[in-house]
Amino acid sequence: AHLVVSSSQHVGASCDPSAWLFLVLDSLSNAKSSVAQKANTLVVLAGLVHGCSRSGRAITDEMLTSLASTLASEEIRGAGYGAINMQLLSVITNVLGAFGKQCKVVSQELYHVLLQLQALRGDPATREGAFHVTESLATLCGYDSSSSFASDHSRDLLHMLCGGHAEWTKDSPDQFVFSALVFSCSSDVLASLFDEISSVFSGCLTQERDPHIRLEMLKLLDRLLEDDSRNAFLRGQPRRFLSDVLA
């Protein structure tokens with residue numbers, strides 16, 4: 001493993017990203033690749049990107065967007081395996097270190113992955129690491145805090161998540177991203193999307209939905225209502241909210 005890491009770092013330092021990036025991304029996106037192969041590819045990618053930081057190799061916005069979009073794809077960020085999660089965090093950490101403020105152009109995609117990692121259960125180290133890397137991303141993007149960064153990036157992500165909740169299954173990664181996002185953005189953002197958020201809860205709590213999803217949503221609802229820093233988004237309409245959600 002050490003030889004693979006050192007070799008990939010050397011290649012990253014010596015070669016322009018255009019020589020290796022799309023080959024690596026194609027391998028990562030290959031539906032036939034096993035979990036172990038994807039994790040190993042992420043190890044190589046992390047090493048290549050780290051090599052860029054050592055030599056000051058530049059990357060175009062287009063290539064950086066392709067990289068971030070691949071990491072944010074449901075197949076990769078939502079794979080649900082510890083080895084992949086750990087390497088995703090390593091890749092993003094190295095991307096921030098190598099490309100700095102340029103990461104602002106892909107902050108939404110990187111934040112999507114980090115939210116997925118923040119929502120992990122049973123892996124406190126990776127989860128905690130994701131919070132720290134989010135703070136670093138916020139700083140690179142010019143924000144004073146991760147909370148202000150989250151508020152500015154949450155609205156578009158919530159719009160996207162709210163639009164796809166009808167297709168969620170018990171294994172859908174975005175249901176966990178939704179949970180993490182609700183507790184990351186401000187009550188003002190939640191208030192501005194009151195109707196959409198209500199529709200997610202009501203849609204996921206119908207009798208026809210998978211029992212696993214209904215249980216997860218009830219747990220999330222309970223946490224949300226008990227959190228005084230978040231439940232202000234109800235705007236004095238808790239009865240209407242509960243009526244809409246639990247009807």
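Phenylalanine 178 and phenylalanine 201 are both buried, where buried stands for under 20% relative accessible area, exposed for over 50% and partly exposed for what falls in between (1.4 Å probe, protein chains only). This is a predicted model, so local features need pLDDT of at least 70 and side-chain atom pairs count only at pLDDT 80 or more, while totals for chains, interfaces and linings use all residues. Residues are numbered from 1 along each chain as its sequence is written, and side-chain values use heavy atoms, with hydrogens and water left out.

On the aromatic side, the structure holds 4 aromatic pairs; rings of Phe, Tyr and Trp (its six-membered ring) pair if their centres lie within 6.5 Å, with planes under 30 degrees apart called stacked, over 60 edge-to-face and the rest tilted. Tryptophan 168 and phenylalanine 178 make a tilted pair, 5.9 Å centre to centre with 55 degrees between the planes. Tryptophan 168 sits in the loop between helix H9 (146–164) and H10, and phenylalanine 178 in helix H10, so this pair ties together parts that are 10 residues apart in sequence. Helices here are DSSP runs (H or I, at least four residues), numbered from the N terminus. Like phenylalanine 178, tryptophan 168 is buried. Phenylalanine 178 also pairs with phenylalanine 201, this time edge-to-face, at 5.9 Å centre to centre and 65 degrees between the planes. That pair links distant parts of the chain, 23 residues apart, with phenylalanine 178 in helix H10 and phenylalanine 201 in helix H12 (residues 194–204). Elsewhere, Tyr111, Tyr143 and Phe149 form one aromatic cluster.

Now for the helix packing around H10. The axes of H10 (residues 173–182) and H13 (residues 211–226) come within 11 Å and cross at roughly 0 degrees; axes are lines fitted to C-alpha atoms, for helices over the stretch in contact, and angles run from 0 to 180 degrees between N-to-C directions. H10 and H13 are therefore roughly parallel to each other, a label for angles under 35 degrees. From H10, Gln175, Phe178, Ser179 and Val182 meet Ile213, Glu216, Met217, Leu220, Arg223 and Leu224 of H13, contact being heavy atoms within 4.5 Å. The residues of this contact split into 6 nonpolar, 2 polar and 2 charged (Ala, Val, Leu, Ile, Met, Phe, Trp, Tyr, Cys and Pro are nonpolar, Asp, Glu, Lys and Arg charged, and the others, Gly among them, polar).

Threonine 126, in helix H8 (residues 124–140), is buried, with a relative accessible area of 6%. Leaving aside neighbours within four places in sequence, threonine 126 touches Asn85, Met86, Leu89, Leu117 and Leu120.

Note on methods:
Helix = DSSP H or I, 4+ residues; strand = E, 2+ residues; numbered from the N terminus. Parallel < 35°, antiparallel > 145°, perpendicular 65-115°, else oblique.
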